[in-house]
Amino acid sequence: MDLYGRGYSDAAPEDIPNDMSLFTSCLCELLFAVADETKNLSVSRLTLIGYSMGGAIVAEFARRFPSRIAKLIMLAPA
């Protein structure tokens, strides 16, 4: 997924802090948005893979929502 201001995504509005809370919220929104397409697999226990800064994001997601994590894989985490 593209984070705000990276890849093809627009930057977040200036009044929204560009921090870990925003990034984990974006991940939550994405998982709920694709729930129908994944037959609700995205709202069950997950295996998350994070590369670079994504490693820090999935680690924070796991800290906030430990019951949602089956496995956590981090590749060259930030």
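**Figure 1. Ala 76 sits in the segment after strand S2 (69-75).** Strands here are DSSP runs of E with at least two residues, while helices are DSSP runs of H or I with at least four residues, and both are numbered from the N terminus. Ala 76 isn't a glycine, yet it has a positive phi of about 45 degrees. Is Ala 76 buried or exposed? Its relative accessibility is 56%, so Ala 76 counts as exposed. The labels work like this: buried means under 20% relative accessible area, exposed means over 50%, and partly exposed is in between (1.4 Å probe, protein chains only). A quick note for every view: this is a predicted model, where local features need pLDDT of at least 70, side-chain atom pairs count only at pLDDT 80 or more, and totals for chains, interfaces and linings use all residues. Residues are numbered from 1 along each chain as its sequence is written, and side-chain values use heavy atoms, with hydrogens and water left out.

**Figure 2. Here's the whole protein chain, with its 2 helices and 2 strands.** If you follow the sequence along, the pattern goes α-β-α-β. The chain has a radius of gyration of 13 Å, close to the 12 Å that the globule rule gives for 78 residues, so it's as compact as a globular protein of that length. That radius is taken over C-alpha atoms, and the rule is 2.2 Å times the number of residues to the power 0.38. Along its principal axes, the C-alpha trace spans about 35 × 30 × 20 Å. Of the 78 residues, 28% count as buried. Among contacts with a separation of 6 or more, 46% come from residues 24 or more positions apart; a contact means heavy atoms within 4.5 Å.

**Figure 3. Zooming in on the largest pocket, we find a volume of about 230 Å³.** Which residues are the closest to its centre? Of the 14 lining residues, they are Met 1, Leu 3, Ile 49, Gly 54 and Ile 57. Helix H1 (20-33), strand S1 (46-51) and helix H2 (53-64) each give two or more residues to the lining. By type, the lining has 11 nonpolar residues, 2 polar and 1 charged. (On a 1 Å grid over the protein atoms alone, a pocket is an open set of points where a 1.4 Å probe fits, with protein on both sides within 12 Å along at least five of seven lines; lining residues have an atom within 4 Å of a point.)

**Figure 4. Thr 24 and Ser 25 both lie in helix H1.** Thr 24 is buried, with a relative accessible area of 1%. Leaving aside residues up to four places away in sequence, Thr 24 touches Ile 57, Glu 60, Phe 61 and Arg 64. Ser 25, on the other hand, counts as partly exposed, at 33% relative accessibility. Ser 25 and Phe 61 are 36 residues apart in sequence, but 8.7 Å apart in space, C-alpha to C-alpha.

**Figure 5. This view takes in two serines in loops, Ser 44 between H1 and S1 and Ser 52 between S1 and H2.** Ser 44 is partly exposed, with a relative accessible area of 29%. From Ser 44 to Ala 62, you'd count 18 residues along the sequence and 13 Å in space, C-alpha to C-alpha. Ser 52 is partly exposed too, with a relative accessible area of 32%. What is the phi of Ser 52? It's positive, about 55 degrees, although Ser 52 is not a glycine.

Terms used. Points joined across faces, edges and corners; volume = space filled by probe spheres on them. Nonpolar A, V, L, I, M, F, W, Y, C, P; charged D, E, K, R; others polar.
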